[in-house]
Amino acid sequence: MNSNAPLLVVVDAANVVGSVPDGWWRDRKGAAERLRDRLASDGVPGMDEPVEVVLVVEGAARGVESVAGVRVESAAGSGDDHIVDVVAGAGARPVLVVTADRELRRRVGELGAEVTGPRSVRP
């Protein structure tokens, strides 16, 4: 692992937003923007060291803009496939993926990423 690179935290926006039944389905883009803004202002709870946050959006949430502290990437197709590509592109850098999706957890785990659930970034 490259200990000089900050931890890359890749957040599965659809999965994290969908983990709480708060009406997100009425405004998927707005829900993703609220998650982005919470990550930008609060960071990743429990992380004392600097991290780089990538929020992957898909479907109706595409087009959410990046802000200071959170890079947003819109998946052209499957958000899960895009997340796997981000993890694969990280090389030896340490990666933490935030999702509850079992299949995605398996796929990124095979690439060496650590995985945590949506509660790690949602109140």
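How many bridges join strand 1 to strand 2? The views below come from a predicted model, in which local features need pLDDT of at least 70, side-chain atom pairs count only at pLDDT 80 or more, and totals for chains, interfaces and linings use all residues. Residues are numbered from 1 along each chain as its sequence is written, and side-chain values use heavy atoms, with hydrogens and water left out.

**View 1. Strand 2 and its parallel partners.** Strand 1 (residues 7-12) runs parallel to strand 2 and is joined to it by six bridges, strands being DSSP runs of E of at least two residues, numbered from the N terminus, and pairing requiring at least two DSSP bridges. Leu8 stands opposite Glu52 of strand 2. Strand 2 also pairs in the parallel sense with strand 3 (residues 70-74) over five bridges, and here Leu55 stands opposite Val72. Of the seven residues of strand 2 (residues 51-57), five are buried, that is, under 20% relative accessible area with a 1.4 Å probe and protein chains only, where over 50% is exposed and anything in between is partly exposed.

**View 2. Surroundings of Arg122.** Arg122 lies in the segment after strand 5 (114-116) and counts as buried because its relative accessibility is 13%. Its side chain reaches the backbone oxygen of Val16 at 3.2 Å, and the Arg122 side chain also makes a polar contact with the side chain of Asp22 at 3.1 Å; a polar contact is a pair of N or O atoms within 3.5 Å, where, within protein, one must be able to donate a hydrogen and the other to accept it, and residues adjacent in sequence count only if both atoms are side-chain atoms.

Definitions and conventions. Helix = DSSP H or I, 4+ residues; strand = E, 2+ residues; numbered from the N terminus.
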